[in-house]
Amino acid sequence: MSPRLLSWSGGKDAAWTLHAMRQRGDEVVALLTTITDEYDRVSMQGIRRDILHAQADAAGLVLIEARIPRECDNATYEASFADALARARERWPDMDTIAFGDLFLADVRAWRESLCARLGWRIDTPLFGRDTAQLARDMHDGGLRARLCCVDTEQLDARFAGLAFDAALIAQFPEGCDPCGENGEFHTLVHDGPMFRAPLQVREGETVLRDGRFAYTDFALA
């Protein structure tokens, strides 16, 4: 089997995808993450870049960054993504597959598949179609530990920002909130789990509201 690349957000779905791939014997060699230049943080999650690199180190994997501006159109994103894939293939010439942590959004998966096909890549979505309530339990029972680093306050109360992703938290989610946040209700920062050689020590900072909607809780390496 050829070496695999994994799209890495720093959150639980990507981390659990890595765990699942290793369990089935895949040779995952690198992570690809999109970084917003102005913030120097993971796009969407808002995770600090030094935490991102600590995650990659804990996973024992190479990290490949795709850099984009804060106000990024689709063409700019695709160009940066294509460049990152090209750099990965330079290092691993027989690499042709990138995995994503998609769970059930078929339109998002189809868009990724189309984009990657144009660039000469295949995609893999090991967790796709899994029941997200059971998956959330499996993650926690399997040792994954994460904190909510971003909450969409139009879907979930801002008080959830910064909390630990565990059974007690999931039980508090309102009806209609996906237990894994697959509809964008929340994003997470993983700091421990079976995909890491050692846990990350992080400390919670302030929570700020951006764009009048998204509550971001800042975490730093302790």
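**Ground rules**

I number residues from 1 along each chain as its sequence is written. Because the model is predicted, local features need pLDDT of at least 70, side-chain atom pairs count only at pLDDT 80 or more, and totals for chains, interfaces and linings use all residues; side-chain values use heavy atoms, with hydrogens and water left out.

**Entry 1: salt bridges**

I took a salt bridge as a side-chain nitrogen of Lys or Arg within 4 Å of a carboxyl oxygen of Asp or Glu. By this rule I get 20 salt bridges.

Asp-40 pairs with Arg-67, with the closest N and O atoms 3.1 Å apart. The two sit in distant parts of the chain, 27 residues apart: Asp-40 in the loop between strand 2 (28–36) and strand 3 (41–42), Arg-67 in strand 4 (residues 62–68). I read helices (H or I, at least four residues) and strands (E, at least two) as DSSP runs, numbered from the N terminus. For burial I used relative accessible area: buried is under 20%, exposed over 50%, partly exposed in between (1.4 Å probe, protein chains only). Asp-40 is partly exposed at 32%, and Arg-67 is partly exposed at 30%.

Arg-122 forms a salt bridge with Asp-96, and the closest N and O atoms are 3.2 Å apart. Arg-122 is in strand 6 (residues 122–124) and Asp-96 in the loop between helix 3 (74–91) and strand 5 (97–99), so this pair ties together parts 26 residues apart in sequence. Arg-122 is exposed at 52%. Asp-96 is partly exposed at 24%.

Asp-152 and Arg-213 meet in a salt bridge at 2.7 Å, N to O. They are 61 residues apart: Asp-152 lies in strand 7 (residues 145–152), Arg-213 in the loop between strand 9 (202–210) and strand 10 (214–221). Is Asp-152 buried or exposed? Asp-152 is buried, with a relative accessible area of 2%. Arg-213 is partly exposed at 27%.

I also checked for shared partners. Asp-37, Asp-40, Arg-49, Glu-65 and Arg-67 are joined by such salt bridges into one network.

I found an open sheet of four strands in the order 8-7-10-9, with antiparallel pairing. Two strands pair if DSSP finds at least two bridges between them. Strand 8 (186–192) and strand 9 are the edge strands, each pairing on one side only. The twist averages 25 degrees from one strand to the next.

I then went through the pairs. Strand 7 and strand 8 are joined by six bridges. Arg-145 stands opposite Asp-192 in strand 8. Helix 2 packs on the sheet, touching strand 8, strand 9 and strand 10, and its direction makes about 60 degrees with that of strand 10. Axes here are lines fitted to C-alpha atoms, for helices over the stretch in contact, and angles run from 0 to 180 degrees between N-to-C directions.

Strand 7 and strand 10 have three bridges. Cys-150 has Tyr-216 of strand 10 as its bridge partner. Strand 9 and strand 10 have seven bridges. Val-208 also stands opposite Tyr-216. Strand 9 and strand 10 form a hairpin with three residues between them, and Asp-211 in the turn has a positive phi of about 60 degrees. Strand 10 is mostly covered, with six of its eight residues buried.

**Entry 2: Gln-55**

Gln-55 is in helix 2 (residues 49–59). Gln-55 is buried, at 0% relative accessible area. A polar atom of the Gln-55 side chain lies 2.9 Å from the backbone oxygen of Val-190. Beyond its neighbours within four places in sequence, Gln-55 is in contact (heavy atoms within 4.5 Å) with residues including Trp-8, Leu-189 and Phe-196.

**Entry 3: helix 1 on helix 5**

Helix 1 (residues 12–23) and helix 5 (residues 132–141) pack at about 70 degrees, with axes 11 Å apart. That makes helix 1 roughly perpendicular to helix 5 (65 to 115 degrees counts as such; under 35 is roughly parallel, over 145 roughly antiparallel, the rest oblique). Lys-12, Asp-13 and Trp-16 of helix 1 meet Leu-135, Asp-138 and Met-139 of helix 5.

Asp-13 is buried at 14%. Leaving aside neighbours within four places in sequence, its contacts include Gly-101, Leu-127 and Cys-180.

Terms used. A polar contact is a pair of N or O atoms within 3.5 Å; within protein, one must be able to donate a hydrogen and the other to accept it, and residues adjacent in sequence count only if both atoms are side-chain atoms.
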